[in-house]
Amino acid sequence: MLWVKTEEEAKRVFVDPRIEFPEGGRAESIEVLSNKIGTGFRFSAHVAVGKKIYFFGGLLGGNTTATNSIRVFDTETGVYTTLDEVIPTNLAEAAAACVGTKIYIFGGRNVTNTFASYTMLDSVYMFDLETEKIVQLACTTGNKKTYLSAIAIGSYIYVFGMIINASEFKKELS
């Protein structure tokens with residue numbers, strides 16, 4: 001299944017039919033999930049674990065306020081749920097990666113009301129898949145960073161592709 005937001009997006013997506021998937025299936029159709037999943041997914045940190053996609057934070061409605069919600073989309077059942085557990089701060093533009101039964105969320109920013117009003121974050125959170133609880137870890141990203149990407153390989157997580165605020169960037173260059 002390839003996930004696109006609208007019928008128009010689906011028309012622009014090209015899926016090479018020669019691509020083989022691990023279960024032996026082929027990419028022969030596109031399912032549009034436009035109204036099943038709700039709002040607040042733009043700039044969320046997200047990670048696939050098994051057949052579920054976990055979303056942390058994201059921008060709501062008119063992209064003016066970040067959310068602190070944790071949402072799960074089950075690709076087998078097509079069911080989307082919002083967990084009772086929430087991130088300790090509103091969060092957008094962060095990155096997430098999974099190692100074992102833990103999802104780690106890095107950086108981002110807390111956007112309130114408009115993009116002119118935000119706080120960049122250096123936080124690192126850990127979400128436990130077994131207990132469905134999230135905690136802020138004592139470590140940080142080093143600087144306040146946003147627009148991150150993360151990937152896990154084995155027991156290592158690589159975080160890259162970041163923007164830091166201008167004053168910190170000047171300090172790092174000097």
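Modeller: One term before we start: contact means heavy atoms within 4.5 Å. Also keep in mind that this is a predicted model.

Biologist: Thanks! With that in hand, what is Tyr54 in contact with, leaving aside its neighbours within four places in sequence?
Modeller: Tyr54 is in contact with Ala45, His46, Val47, Val49, Arg71, Val72, Ile103, Phe127 and Leu129.

Biologist: Let's zoom out for a second. How many helices and strands does the protein chain have?
Modeller: There are two helices and 17 strands in the protein chain. The chain has 174 residues, and 37% of them count as buried. Among contacts with a separation of 6 or more, 43% are between residues 24 or more positions apart.

Biologist: Back to the rings. How many aromatic pairs does a search of the whole structure find?
Modeller: The search finds two. In one of them, the ring centres of Tyr54 and Phe127 are 6.0 Å apart.

Biologist: And why is that pair called tilted?
Modeller: The planes of Tyr54 and Phe127 are at 50 degrees, so the pair is tilted; stacked would need under 30 degrees and edge-to-face over 60.

Biologist: Where do the two residues sit in the chain?
Modeller: Tyr54 is in strand S4 (residues 52–56) and Phe127 is in strand S12 (residues 123–128). They are 73 residues apart, so the pair links distant parts of the chain.

Biologist: What about the pair of Phe56 and Phe127?
Modeller: That pair is edge-to-face, with 5.5 Å centre to centre and 65 degrees between the planes. Phe56 in strand S4 and Phe127 in strand S12 are 71 residues apart.

Biologist: Which residues touch the most other members in the largest nonpolar core?
Modeller: Those are Tyr54, Phe56, Ile103, Ile105 and Phe127, in a core of 19 residues. Elements that give two or more residues to this core include strand S3 (45–49), strand S6 (65–74) and strand S9 (102–106). The largest share, three residues, comes from S7. As a general point, nonpolar side chains tend to be buried together in soluble globular proteins.

Biologist: Now Ser69. Where is it, and is it buried or exposed?
Modeller: Ser69 is found in strand S6. Its relative accessibility is 11%, so Ser69 counts as buried. Not counting residues up to four places away in sequence, Ser69 touches Phe55, Phe56, Gly57, Thr82 and Ile87.

Biologist: New topic: what is the order of the open sheet of four strands?
Modeller: The order is S8-S9-S12-S13, with antiparallel pairing. S8 and strand S13 (133–140) are the edge strands, each pairing on one side only. From one strand to the next, the twist averages 25 degrees.

Biologist: How many bridges join S8 to S9?
Modeller: Five, and the two strands run antiparallel.

Biologist: Last one: how many disulfides does the structure hold?
Modeller: The structure holds zero disulfides. Looking at two cysteines, Cys98 counts as buried because its relative accessibility is 18%, whereas Cys139 is partly exposed with a relative accessible area of 42%.

Conventions
Residues are numbered from 1 along each chain as its sequence is written. This is a predicted model: local features need pLDDT of at least 70, side-chain atom pairs count only at pLDDT 80 or more; totals for chains, interfaces and linings use all residues. Side-chain values use heavy atoms; hydrogens and water are left out. Rings of Phe, Tyr and Trp (its six-membered ring) pair if their centres lie within 6.5 Å; planes under 30 degrees apart count as stacked, over 60 as edge-to-face and the rest as tilted. A disulfide is a pair of cysteine sulfur atoms within 2.5 Å. Buried means under 20% relative accessible area, exposed over 50%, partly exposed in between (1.4 Å probe, protein chains only). A nonpolar core is a set of buried Ala, Val, Leu, Ile, Met, Phe, Trp, Tyr and Cys residues joined through side-chain atoms within 4.5 Å. Two strands pair if DSSP finds at least two bridges between them. Axes are lines fitted to C-alpha atoms, for helices over the stretch in contact, and angles run from 0 to 180 degrees between N-to-C directions.
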